[in-house]
Each structure stands twice: as C-alpha cells, then as structure tokens.
Amino acid sequence: MRTKIVAGNWKMNKTARETEILLNELSAKLPDTDAEVMVAPTFVNLTDAVRQLESSAIQVVAQNMHFADNGAYTGEIAADMLLDIEVDTVILGHSERRAYFHETDELLAKKVKQAIEKNMRVIFCFGEELNDRKAGKHFDVVAKQLKNGLFDLPESAWAQIVLAYEPVWAIGTGETASPEQAQEMHAYIRKIVSDAYTNSIAQKVSILYGGSVKPGNAAEIFSKPDVDGGLIGGASLVGDDFMAIVKAIG
Ligand code: PEP
C-alpha cells in the first residue's frame, strides 16, 4: 500500500492572522482519513503554524529551500532552519519556481540532494507546458525533468521522495488533466522510475497529481490506480474545499 497524501500549497497567500484562522478551521474539520494531510503556508508563518498544529494530524511543510547549509544567500532559507522549527518536508521544483525564479533541473538536483542529506522528505514537482503536450512531447519532457532532478540519487533516497506531476497548463487555470490523462502519465512515471531503479521503488513511491483539483473532480482523479493523492493550490485556501478534497481520497 502506497502512502496517500493531500498537500495544500498556499503559495504567497494568507497573513499570520489569516493562517491561524484557516488552520483552526482545518483542524476542526479534518475528516477521518488514511491519507497524510499537509499544508504549506508561507515561510514567515511556518513557526506559528507548527505550534498551532502540534496536536493535529495535519503536517506543516515548506514551499522551497536553498541547497547550501548557510551563507551569503540573501532572502533564502536553509534546511537546518526548517528542521529547527520541526518542518521536515519541502516542496521543490514547483512550476512557479521554475518559471518565475528560473530554477533549472540542475539547481533542483542540488536542492533535492541537500534535502535528502538532511533527512528531509521532498515533494518533487514537475510537468509539461501546454506547447509540449500539443507537440506530443509531454512524456519526453517529464522523463528529462525526472532524470535531471532525481536520477542521480542513490536507491536509499527514494524513501524520502514524493513525486508531484503537475502539468503547467492545468495549474491555476481551471483546466484539469482528465483522470485518464493523469493515469496515463502516472503509469509512465512509475515505469521510468522502475527502469532507472527497481520495480519495488517504483511501486512504493507516491505520485500526486496537481492542477486545478477541486471538490468536484477530486474523487474521480484519486480513483485512478497510479494517482496517490494531490498537490492542491487554489482550493487549499478554502477550508471546506480542501477538506472535501481530503474526504475524496478516503
Ligand atoms: C499548484 O500550484 O501546485 C496547483 C496545483 O495549483 P492549483 O490547484 O490552483 O491549480
């Protein structure tokens, strides 16, 4: 049985007070679930969020981190700073980081390596753009992102990796990959992980889908055999919507 995960990426949203209010709502409404439920508030609110959720099953994760231990990297956050406030999971490679902050596969490989060495768990995001899909290149693009970002890792690191397939054309657009498109890509991802490593690693790694998941489409997407959960943007900012998505995973 693979770990099921529903993670909310809050991006650059919610002040401290708004974070507190939404976390209160989520804690109160969290349904019984086998899935791990995670939220990723903005950096300045992580410490308070961890304290607030101390006795909740909801985990607090980070949206990004730097590859270095420390040093002259103005505006950046190191792994040890996250671990110090009891955040041990980090989202890396989100398409917004790739597009707006020019994070390349090579940079991401360094970040992933650092997180693994620090014993953190990584939610590694990747996915093709609309032009890639239209040109029929989506499988190649995804294979390259995975190879460049992850395939230098030793086998032992894969216990710390969660994959998040997020087609860029579906993020924040209201356009969702069909459940069949998601399943097709997730099965392909499992195959290339199996080819690069072992079938056992490929069968164990959780693969989340992200891209306009909403209460109305979550159950159908999550019903696909290779979809192990979701990375949720917009809908994770609304308590009832996020909890409906958690309910949909069962
Ligand atoms: C995301 O940003 O990871 C995401 C999936 O966003 P949305 O759900 O809003 O498409």
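1. Basis of the note. The model is predicted, so that local features need pLDDT of at least 70, side-chain atom pairs count only at pLDDT 80 or more, and totals for chains, interfaces and linings use all residues. Residues are numbered from 1 along each chain as its sequence is written, and side-chain values use heavy atoms, with hydrogens and water left out.

2. Sheet order. Eight strands make up an open sheet with parallel pairing, in the order E3-E2-E1-E8-E7-E6-E5-E4. Strand E3 (59–60) and strand E4 (89–92) are the edge strands; each has a single partner strand, so one side of each lacks a neighbour in the sheet. Strands (E, at least two residues) and helices (H or I, at least four) are DSSP runs numbered from the N terminus; two strands pair if DSSP finds at least two bridges between them. Strands of a sheet pair through backbone hydrogen bonds, either parallel or antiparallel.

3. Strands E1 and E2. Strand E1 (residues 5–9) runs parallel to E2, and five bridges join them. Strand E2 (residues 36–40) is mostly covered, with four of its five residues buried. Buried here means under 20% relative accessible area, exposed means over 50%, and partly exposed lies in between (1.4 Å probe, protein chains only).

4. Strand E8 and its neighbours. E8 pairs with E1 in the parallel sense over four bridges, and Val-6 stands opposite Gly-230 in E8. Two bridges join E8 to E7, again in parallel; here Tyr-209 has Gly-230 as its bridge partner.

5. Strands E6 and E7. Three bridges pair strand E6 (residues 161–165) with strand E7 (residues 207–210) in the parallel sense. Leu-163 stands opposite Ile-207 in E7.

6. The whole structure holds 19 salt bridges, each defined as a side-chain nitrogen of Lys or Arg within 4 Å of a carboxyl oxygen of Asp or Glu. One of them links Asp-226 to Arg-190, with the closest N and O atoms 2.6 Å apart. Asp-226 lies in the loop between helix H10 (215–222) and strand E8 (229–232), and Arg-190 in helix H8 (residues 179–196), so the pair ties together parts that are 36 residues apart in sequence. Asp-226 counts as buried at 13% relative accessibility, and Arg-190 is buried with a relative accessible area of 4%. Arg-190 also meets Asp-228 in a salt bridge (2.8 Å, N to O). Asp-228 lies in the loop between H10 and E8, so this pair connects parts that are 38 residues apart in sequence. Both Arg-190 and Asp-228 are buried. Through shared partners, salt bridges join Arg-2, Arg-190, Asp-226 and Asp-228 into one network.

7. The Asp-80 and Lys-118 pair. The side chains of Asp-80 and Lys-118 form a salt bridge at 3.2 Å, N to O. This pair links distant parts of the chain, 38 residues apart: Asp-80 is in helix H3 (residues 79–84), and Lys-118 is in the loop between helix H5 (105–117) and strand E5 (121–126). Asp-80 counts as partly exposed at 37% relative accessibility, as does Lys-118 at 22%.

8. Met-120. Met-120 is placed in the loop between H5 and E5 and counts as buried at 0% relative accessibility. Met-120 and Leu-83 are 37 residues apart in sequence and 8.2 Å apart in space, C-alpha to C-alpha.

9. Ligand site. The ligand is surrounded by 14 residues, the closest being Lys-11, His-94, Glu-166, Gly-172 and Ser-212; a residue is counted if one of its heavy atoms lies within 4 Å. An oxygen atom of the ligand is 2.7 Å from an N or O atom in the side chain of Glu-166. An oxygen atom of the ligand is also 2.7 Å from a polar backbone atom of Gly-172, and one is 2.8 Å from a polar backbone atom of Gly-234. Taken alone the ligand exposes 290 Å², of which the protein buries 98% (Shrake-Rupley method, 1.4 Å probe).

Key:
A polar contact is a pair of N or O atoms within 3.5 Å; within protein, one must be able to donate a hydrogen and the other to accept it, and residues adjacent in sequence count only if both atoms are side-chain atoms.
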